[in-house]
Amino acid sequence: MKRDFGIARCGLACCLCSENSTCGGCDSSSCRDNGWCENLKCSKERRLSHCYECEEISCTKGMLAKVRPLAFTQFARRYGEKELLDCLERNERTGVVYHRDGLCGDYDAFSDIEEIIEFIKTGKSARDFDDERT
């Protein structure tokens, strides 16, 4: 984990991204998407560093239309970016993989935002808890 890479404006975990050796982040010229990124444009217009700082909590613009970035954004809004980074770092140490197959990984195994938030917090899915009880 490259903790100093932090979280993208839209909630993606730059710190765990398999492309972080070539990407300098949202505000850099090396970001291949910064010319069209709706989240970058919107957060800059609102003078916000991240979407989680926005008061529009039901926003699904750009990358927030996808469940993982939206869940990461909601987590950061509720618990803070430091807590998100702490959880992601702990989860990585225990074997949770951000990008396992291309850009998809363990956090993409869920379709529900609250399930992802719980997975971030615990490193375990509801299925893991069910397996422990049996």
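A: The side chain of S43 has a polar atom 3.2 Å from the backbone oxygen of L40. A polar contact is a pair of N or O atoms within 3.5 Å, where within protein one must be able to donate a hydrogen and the other to accept it, and residues adjacent in sequence count only if both atoms are side-chain atoms. This is a predicted model, in which local features need pLDDT of at least 70, side-chain atom pairs count only at pLDDT 80 or more, and totals for chains, interfaces and linings use all residues. Residues are numbered from 1 along each chain as its sequence is written, and side-chain values use heavy atoms, with hydrogens and water left out.

Q: Is S43 buried or exposed?
A: S43 counts as buried because its relative accessibility is 2%, where buried means under 20% relative accessible area (1.4 Å probe, protein chains only).

Q: Which residues is S43 in contact with, leaving aside neighbours within four places in sequence?
A: Those are R9 and L48; contact means heavy atoms within 4.5 Å.

Q: Turning to α3 and α4, at what angle do they pack?
A: Helix α3 (residues 81-93) and helix α4 (residues 113-122) pack at about 70 degrees, with their axes 7 Å apart. They are therefore roughly perpendicular to each other, a term for angles of 65 to 115 degrees. Helices here are DSSP runs (H or I, at least four residues), numbered from the N terminus.

Q: Which residues meet there?
A: L84, C87, R90 and N91 in α3 meet F119, I120, K121 and T122 in α4.

Q: And what covers the buried residues of α2?
A: The cover includes α3 and α4.

Notes:
Axes are lines fitted to C-alpha atoms, for helices over the stretch in contact, and angles run from 0 to 180 degrees between N-to-C directions. Helices (H or I, at least four residues) and strands (E, at least two) are DSSP runs, numbered from the N terminus. Angles under 35 degrees count as roughly parallel, over 145 as roughly antiparallel, 65 to 115 as roughly perpendicular and the rest as oblique. Buried means under 20% relative accessible area, exposed over 50%, partly exposed in between (1.4 Å probe, protein chains only).
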